[in-house]
Amino acid sequence: WLSLFARRVKDSRPLEQRDPGWKLFGKVPPREGPAKDPKRIQKEYETKSGRAGPGNPTSPRQSVRKNLDFEPLSTTALILEDRPANLPAKSAEEAQKHRQQYEEMVAQAKKRELKEAQKRKKQLEDRCKLEESIGTAAQTWNQEILPNWSTVCTSRRVRDLWWQGIPPSVRGKVWSLAVGNELNITHELYNICLARAKEKWKTSPASSSEPEIEDAGSSDRESSLELIKLDISRTFPHLCIFQQVSEGTTSYKTDVQGMSFIAAVLILNLDTADAFIAFANLLNKPCQMAFFRVDHSLMLTYFSAFEVFFEENLPKLFAHFKKNNLTPDIYLIDWIFTLYSKSLPLDLACRVWDVFCRDGEEFLFRTGLGLLRLYQDVLTCMDFIHMAQFLTRLPDLIPAEQLFQHIAAVHMTSRNRKWAQVGCCSFAF
């Protein structure tokens with residue numbers, strides 16, 4: 001007890017003779033020690049860092065550091081520094097072992113750095129090649145294909161270029177030409193529809209308590225407008241530039257819902273009026289009409305046709321789906337409903353749209369089979385719940401080239417019957 005409360009006896013030794021303090025990465029003077037002269041501090045730093053002048057030759061240990069191109073400083077004190085004076089010094093064998101470990105760590109670090117540098121260099125080279133190929137392809141489309149569209153659009157060369165992906169700078173023009181305008185919609189009609197939609201937007205039924213006597217389709221238009229308001233807030237929330245297309249379509253067509261994903265892809269690639277024209281014509285196609293109107297009988301016909309080619313191309317996965325009662329409606333509706341613009345990354349969805357505009361509805365189902373083929377090894381190891389979750393929320397990073405390789409490997413022929421013979425109302429652009 002006396003030792004606990006005894007007055008601490010002050011050390012009578014001079015400060016210079018006291019043992020130095022110790023920190024993890026080297027020796028430091030105790031806190032109560034006198035301040036060092038700045039010149040002395042600089043001289044000690046130069047000596048330790050290998051910057052000593054002619055009169056201060058470096059130690060063998062410092063010369064070892066000089067020969068290293070790269071040195072992680074945090075490991076230096078732990079491996080190469082001497083122990084404090086109040087601890088036993090390292091033996092020659094231990095010092096040599098630590099030196100070897102340190103050099104191995106440096107070599108591994110340099111190897112990692114070199115590997116990362118090579119990876120970055122390759123990525124840069126690939127990007128440059130891609131940009132160069134896109135520029136060359138855009139020039140070909142602008143100078144050779146688009147001016148002679150009606151005569152060359154079905155040629156083998158153009159179809160091959162089409163499969164490789166349409167350059168973004170000409171994508172909108174190609175889509176407009178491929179989709180066509182069977183409805184003969186003009187820019188004037190678009191402006192009329194847009195004006196009507198804006199008027200409806202201002203006089204939203206939420207602000208009126210008394211029912212209004214209007215035409216039979218009025219309530220449907222108002223309901224569609226409210227749904228589109230909701231869709232716009234949920235579709236690509238960081239992109240708010242496609243509202244006018246959805247608004248215009250509300251006045252033009254009142255029997256469709258959930259159009260915002262398609263509208264978003266179109267407005268990102270076409271002018272507003274042209275996007276509206278392409279939009280209306282797309283929704284007028286048999287497959288889109290069946291899904292947007294929720295025509296159950298037609299949808300079941302499409303699902304049955306899809307399963308025919310599913311079993312033909314992927315019999316093992318097809319049997320696994322059947323065993324787990326996973327039917328196409330669970331995952332296929334969302335894919336077809338939004339033309340993959342919700343399910344796939346935007347750039348990949350646009351490339352799917354490229355070939356969809358070329359081949360029509362058949363390519364939508366072929367893309368679905370390509371996705372199943374790409375992930376068949378993963379899916380065959382899953383149960384119903386995990387398969388449904390996986391297919392309704394596909395991975396964020398899907399390798400485009402691999403996907404298109406799997407799509408190309410899908411055969412859209414079953415018992416000598418093609419999609420047009422197995423499916424229902426096949427159409428061609």
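Is glutamate 182 buried or exposed? Glutamate 182 is exposed, with a relative accessible area of 58%. This is a predicted model, and that residue makes a handy starting point for a walk through it.

**Around glutamate 182**

Glutamate 182 sits in the loop between α8 and α9 (187-202). If you set aside the neighbours within four places in sequence, its contacts are Asn281 and Lys285. Isoleucine 277 lies 95 residues away from glutamate 182 in sequence, while the C-alpha atoms of the two are 9.8 Å apart in space.

**The chain as a whole**

Stepping back, the protein chain contains 23 helices and four strands. It has 429 residues, of which 38% are buried. Take the contacts between residues at least 6 apart in sequence: 70% of these join residues at least 24 apart.

Side chains of opposite charge can pair when their charged atoms come close.

| Salt bridge | N to O distance |
|---|---|
| Arginine 159 and aspartate 359 | 3.3 Å |
| Arginine 171 and aspartate 354 | 2.8 Å |
| Arginine 358 and aspartate 359 | 2.8 Å |

The bridge between arginine 159 and aspartate 359 has an N to O distance of 3.3 Å. This pair links distant parts of the chain, 200 residues apart: arginine 159 belongs to helix α7 (residues 156-163), and aspartate 359 to helix α18 (residues 346-359). Arginine 159 is partly exposed, because its relative accessible area is 30%.

Aspartate 354 and arginine 171 form another salt bridge, with 2.8 Å between the closest N and O atoms. Here too distant parts of the chain are linked, aspartate 354 being in helix α18 and arginine 171 in helix α8 (residues 168-179), 183 residues apart. Both aspartate 354 and arginine 171 are buried.

Aspartate 359 also forms a salt bridge with arginine 358. Why does arginine 358 count as buried? Its relative accessibility is 15%, and buried means under 20%. Taken together, Arg159, Arg358 and Asp359 are linked in a network of salt bridges.

In soluble globular proteins, nonpolar side chains tend to be buried together. In this model the largest nonpolar core has 83 residues, and Trp141 and Leu372 are the ones with the most contacts inside it. Which helix gives the most to this core? That is α18, with eight residues.

**Two helix pairs**

Helix α15 (residues 296-313) packs against helix α17 (residues 329-337) at an angle of about 110 degrees, and their axes are 11 Å apart. The two helices are therefore roughly perpendicular. From α15 come Met299, Phe303, Phe306 and Phe310, and from α17 come Asp329, Tyr331, Leu332 and Ile333. Sorted by class, this contact of α15 with α17 has seven nonpolar, no polar and one charged residues.

In the other pair, α18 and helix α19 (residues 361-374) pack at an angle of about 140 degrees, with their axes 6 Å apart. That angle makes α18 oblique to α19. On the α18 side the contact involves Val352, Val355, Phe356 and Asp359, which meet Glu361, Glu362, Phe363, Leu364 and Thr367 of α19. The contact of α18 with α19 divides into five nonpolar, one polar and three charged residues.

**Two loop residues with positive phi**

Finally, have a look at the loops on either side of α17. Asparagine 325, in the loop between α16 (315-323) and α17, has a positive phi of about 60 degrees although it is not a glycine. Tyrosine 340, in the loop between α17 and α18, is another residue other than glycine with a positive phi, in this case near 70 degrees.

How exposed is asparagine 325? Its relative accessible area is 60%, so asparagine 325 counts as exposed. Tyrosine 340, in turn, is buried, with a relative accessible area of 0%.

How values were computed
Residues numbered from 1 in each chain as written. Predicted model: local features only at pLDDT ≥ 70, side-chain atom pairs only at ≥ 80, totals over all residues. Heavy atoms only, no water. Salt bridge = Lys/Arg side-chain N within 4 Å of Asp/Glu carboxyl O. Buried < 20%, exposed > 50% of the residue type's maximum accessible area, 1.4 Å probe, protein only. Core = buried A, V, L, I, M, F, W, Y, C linked by side-chain atoms within 4.5 Å. Axes fitted to C-alpha atoms, helices over the stretch in contact; angles between N-to-C directions. Parallel < 35°, antiparallel > 145°, perpendicular 65-115°, else oblique. Contact = heavy atoms within 4.5 Å. Nonpolar A, V, L, I, M, F, W, Y, C, P; charged D, E, K, R; others polar.
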